[in-house]
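Morning, everyone. Please look at the model on the screen, and I'll walk you through a few parts of it.

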Amino acid sequence: MALKRQYDMTSLFSMASMTDVIFLLLIFFMVTSTFVFPTALELTLPESSEQTALKPSTRVYIDKDRQIYASFDSEEPQPMTLDQLRTFLLLRNAEAVQNGEENFVALYADEEVPYGDLMKVLNLGVTNGLKIVLATKPAPVSAMPDGEPQPAPIQAQ
């Protein structure tokens with residue numbers, strides 16, 4: 001007598017592995033999104049209600065001890081003197097002109113840095129034909145005057 005086994009086919013799909021993949025992707029994007037604009041320097045930027053849509057590739061930092069650092073793209077900031085900074089900026093500007101790009105320099109200075117030190121770097125840019133933008137952090141809404149329009153959000157290019 002031949003006995004037949006009955007096999008039941010179920011049409012269920014296990015979503016356990018799919019949710020694991022989704023959680024891993026979520027964690028990956030959360031971790032990598034914090035590396036969009038890494039800075040190794042602790043700077044307390046002054047506040048401003050104005051914002052710009054420029055995305056500078058060259059960055060100059062002045063910390064509260066008045067030490068100057070500079071970096072290009074995602075490089076680590078390197079300490080420099082004012083003369084070394086001038087050479088660095090001219091080289092980066094020459095590369096940008098050669099590639100047909102516009103080179104903007106962002107100046108990140110701690111709010112404790114004397115105005116004279118900022119002017120040295122800004123004058124360095126003006127005398128060498130560089131466009132330097134002073135970086136600030138957004139001012140709180142309560143600090144904005146009444147009737148002033150809200151600043152536009154920063155747009156990445």
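Start with strand β2. Thr58, Val60 and Ile62 point one way from β2. Arg59 and Tyr61 point the other way. All of them are buried, and buried here means under 20% relative accessible area, with exposed over 50% and partly exposed in between, using a 1.4 Å probe and protein chains only. Why the two directions? In a regular strand the side chains alternate between the two faces of the sheet. Five of the five residues of β2 are buried, so β2 is largely enclosed by the rest of the structure.

A word on the source. This is a predicted model, where local features need pLDDT of at least 70 and side-chain atom pairs count only at pLDDT 80 or more, while totals for chains, interfaces and linings use all residues. Residues are numbered from 1 along each chain as its sequence is written, and side-chain values use heavy atoms, with hydrogens and water left out.

Helices and strands are DSSP runs numbered from the N terminus: helices are H or I with at least four residues, strands are E with at least two.

Which strands pair with β2? One is β3, residues 68–72, in the antiparallel sense over five bridges. Pairing needs at least two DSSP bridges between two strands. Threonine 58 has phenylalanine 72 as its bridge partner in β3. The hairpin of β2 and β3 has five residues between the strands. There, arginine 66 takes a positive phi near 70°.

Strand β5, residues 104–109, also pairs with β2. These two run parallel, joined by five bridges. Isoleucine 62 has alanine 109 as its bridge partner in β5.

Next, proline 56. It sits in the loop between β1 (47–48) and β2 (58–62). Buried or exposed? Proline 56 is buried, with a relative accessible area of 15%. What does proline 56 touch, beyond residues up to four places away in sequence? Phe104, Val105 and Ala106. Contact means heavy atoms within 4.5 Å. Now look at lysine 131, which is 75 residues from proline 56 along the chain. Their C-alpha atoms are separated by 9.7 Å.

Over to helix α2, where we find alanine 96. Alanine 96 counts as buried, at 8% relative accessibility. Leaving aside neighbours within four places in sequence, alanine 96 is in contact with Glu101 and Asn103. Serine 57 is 39 residues away along the chain, and the C-alpha atoms of alanine 96 and serine 57 are separated by 9.7 Å.

How does α2 pack with α3? Helix α2 covers residues 82–98 and α3 covers 115–127. Their angle is about 35°, and their axes are 11 Å apart. Axes are lines fitted to C-alpha atoms over the stretch in contact, and angles run from 0 to 180 degrees between N-to-C directions. From α2, Leu82, Leu85, Arg86 and Leu89 meet Lys120, Val121 and Leu124 in α3. The residues of this contact divide into five nonpolar, no polar and two charged. In that count, Ala, Val, Leu, Ile, Met, Phe, Trp, Tyr, Cys and Pro are nonpolar, Asp, Glu, Lys and Arg are charged, and the others, Gly among them, are polar.

Last, the whole chain. It has three helices and seven strands. From the N terminus, the order is α-β-β-β-β-α-β-α-β-β. Buried residues make up 27% of the 157 residues. Among contacts with a separation of 6 or more, 64% are between residues 24 or more positions apart.
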